[in-house]
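Please open the model in a viewer and keep the sequence at hand.

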Amino acid sequence: YGSITISSYATGQIGFLMCRKSEHDLISHKKLVQNRYDRMVERGLETSYYHPKLQESCFDLPLWVEKSIYVSDDESNFLSGSNKEEL
């Protein structure tokens with residue numbers, strides 16, 4: 001679950017969910033987005049800002065957030081360089 005604050009929205013906050021069924025869905029979605037963009041370019045509808053990698057990267061987390069969610073304590077120490085025995 002995520003939420004964002006928007007001053008022009010009645011309550012000032014919007015909540016949203018982002019889900020996927022499987023890794024296969026993600027791969028097919030990437031292809032769908034790329035195909036849609038390719039068709040835009042073929043029709044001369046390019047933009048100077050948007051491209052498919054931008055859409056994918058807008059959901060990337062800062063490294064510290066990703067570590068706190070997905071990395072175990074042992075791995076986190078190693079990745080941060082504080083586990084000197086591994087070095």
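The pLDDT is the predictor's confidence in each residue, on a scale from 0 to 100. Across the protein chain the pLDDT averages 76, and 75% of the residues score at least 70.

Select helix α3, residues 63-70, and then helix α4, residues 73-80. Confidence is highest in helix α3, at 85, and lowest in helix α4, where the mean is 54. Next, select residues 83-87: here the pLDDT is below 50, and in the model this stretch has five contacts beyond near neighbours in sequence. Where pLDDT is low, the predicted coordinates should not be read in detail.

Return to the whole chain and display it as a cartoon. Four helices and two strands make up the secondary structure of the protein chain. Followed from the N terminus, the order of elements is β-β-α-α-α-α.

Now switch to a surface view. The protein chain has an accessible surface of about 7900 Å², and carbon and sulfur atoms account for 54% of that surface. Of its 87 residues, 8% count as buried. Contacts may be displayed next: among those between residues at least 6 apart in sequence, 7% join residues at least 24 apart.

With the surface still shown, select I4, F16, M18 and F59. Together these residues make a nonpolar surface patch of about 390 Å².

How many aromatic pairs does a search of the whole structure find? The search finds one. Select Y37 and Y50: their ring centres are 5.9 Å apart and their planes stand at 65°, so the pair is edge-to-face, a class that requires an angle over 60 degrees. Because Y37 belongs to helix α1 (residues 23-42) and Y50 to the loop between α1 and α2 (52-57), the pair ties together parts that are 13 residues apart in sequence.

Finally, compare the exposure of the two partners. Y37 counts as buried, with a relative accessibility of 14%. Y50, at 24%, counts as partly exposed. The cut-off that decides the matter is 20%, since buried means a relative accessible area under that value.

Technical notes:
Residues are numbered from 1 along each chain as its sequence is written. This is a predicted model: local features need pLDDT of at least 70, side-chain atom pairs count only at pLDDT 80 or more; totals for chains, interfaces and linings use all residues. Side-chain values use heavy atoms; hydrogens and water are left out. Patches are made of residues with over 30% relative accessible area and no salt bridge: like charges are joined within 9 Å, nonpolar side chains (Val, Leu, Ile, Met, Phe, Trp, Tyr) within 5 Å. Accessible areas come from the Shrake-Rupley method with a 1.4 Å probe; for residues, only the protein chains shown count as cover. A salt bridge is a side-chain nitrogen of Lys or Arg within 4 Å of a carboxyl oxygen of Asp or Glu. Buried means under 20% relative accessible area, exposed over 50%, partly exposed in between (1.4 Å probe, protein chains only). Contact means heavy atoms within 4.5 Å. Rings of Phe, Tyr and Trp (its six-membered ring) pair if their centres lie within 6.5 Å; planes under 30 degrees apart count as stacked, over 60 as edge-to-face and the rest as tilted.
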